[in-house]
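Here are some notes for a colleague who is meeting this structure for the first time. Please keep the view open while reading them.

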Amino acid sequence: MIPGRDKKIKLLVLTSSFPRFIGDHAGIFVYELANTLSKNKIDILILAPLFYDQRCTNTLLSEKINKLEVHRFKYFYPAKYQKLYRDGGFIYNLKTNYLAKIQLPLFLFFQLYNAFKLVIFNNPDIIHSHWILPQGLVGAIIYKILKKPHILTVHAGDVFALANMPIGKFFAIFVVKNSSKIFVVSNYVSQILCAMLPDNTIQEYNDKLMILPMGVDVKLYQSNQTIKKKNLYKRKNTTILFIGRLNDKKGIIYLIQSMLELKHISEHLSLLICGDGPLKQELESFTEKNKLKGIVKFKGFITEDEKIHYMILADILVVPSIITDSGETEGMPVVILEGMAAGKAIIASNVSGASDVIQDGYNGLLVEQKNPRQLAEKIMLIINNPEFRENIEINALKSSMKFDWSNISHQYEVIIKRTLERNEL
């Protein structure tokens, strides 16, 4: 406890993505971090937009999820026409949906309005913003006006959105200057953000910077390890797994193309694609056109429990992320950490944050982006070398412990307390 304090720390979390129901993937890492922090004498308030779709028409504007006090706001009326944070995600919708472009300033206004209300009526000790825009901007404004300490977590899409905005660098400078501490999920994303800053702000940014990915609940993936090891490598069939949104930066098309090479080599091969998104129909059409329906299976949206099931079932996890033509990519794919926790042999594109956690040939394999042939070669390398695969899996499991939520949240907790100590001096 901070000297002189006789009450819990109260933390207000600003986010554009948060689970709408138990088992929802949306913003699950925001939930996991907040939920773990709430077990350590920190009261958590969450402010997130109301997300409307057919699966969750009864989402509440205010509710309690475990120890988290969740508040949601509408940013367009009627709510079913809210387009900014749904389907393909923030950047995709801004590019493709005119209504989403109109809603961006409305989103910023309503989040700022509701954040100020929560600050005034609940008096949190500190603000934590996920994504530099719009939440980081909201947190920075509150820091500037009300002098509330503000910590920021930068993921990836937010930085790439800023980089493509005519005045993006001015937002970046303002948020950096009005943040007490800045967490960035990968070195690559940090470099992109740093390149947007003027020379006189870079040192301040570096002083506030901490590279730290999101985490994983390692124990969730351990329950079936004994059963799995009894049957290790005895099955004839090899199951390859992809989990994620079906959008451009995930690079799924290159993984499917690699099956064109592999279907002639191995008869006992299947690719499970778990997830939904704007490219689903296009990917299914490609699969059917190239006569891959016997190998490639689209599972659609899956729950958290189903994700764990498929992760344990799979032999190889592939994360074929790419850098899109606009320069966008992933920050640090959480699915890599989940695969490590499940003791999977992981093949990932060497873009963005993958190399921050994967040591090529030790706890996973790295490949060139957009290279189906290399993906196929690495898949066959794992299939044909059981001892090599087992070493990869063992080392992946060991590596995952570093990224368990207990360790990640502890580092956030330390920073939160230090920030408050400095603020109260």
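1. In this predicted model, helix α15, made of residues 372-384, lies across the strands β9, β10, β12, β13 (345-349) and β14, and its direction runs at about 160° to that of β14.

2. Six strands build an open sheet with parallel pairing, and their order is β11-β10-β9-β12-β13-β14. Because β11 (296-300) and β14 (365-367) stand at the edges, each has a single partner strand and one side left without a neighbour in the sheet. From one strand to the next, the twist averages 20°.

3. Within the sheet, β9 (residues 238-243) pairs with β10 (residues 269-274) in the parallel sense, over six bridges, and Ile240 stands opposite Leu271 in β10. Helix α12 (residues 304-313) also packs on the sheet, where it touches β9, β10, β11 and β12 (316-319), and the direction of α12 makes about 145° with that of β9.

4. A further point concerns two helices, α10 (residues 252-262) and α11 (residues 280-289), whose axes come within 11 Å and cross at roughly 10°. An angle under 35 degrees counts as roughly parallel, and α10 and α11 are therefore roughly parallel to each other. On the α10 side the contact is made by Ile252, Ile253, Ile256, Gln257 and Leu260, while α11 contributes Leu283, Phe286 and Thr287. Sorted by class, the contact of α10 with α11 has six nonpolar and two polar residues, with no charged residues.

Key: Residues numbered from 1 in each chain as written. Predicted model: local features only at pLDDT ≥ 70, side-chain atom pairs only at ≥ 80, totals over all residues. Heavy atoms only, no water. Axes fitted to C-alpha atoms, helices over the stretch in contact; angles between N-to-C directions. Helix = DSSP H or I, 4+ residues; strand = E, 2+ residues; numbered from the N terminus. Parallel < 35°, antiparallel > 145°, perpendicular 65-115°, else oblique. Contact = heavy atoms within 4.5 Å. Nonpolar A, V, L, I, M, F, W, Y, C, P; charged D, E, K, R; others polar. Pairing = 2+ DSSP bridges.
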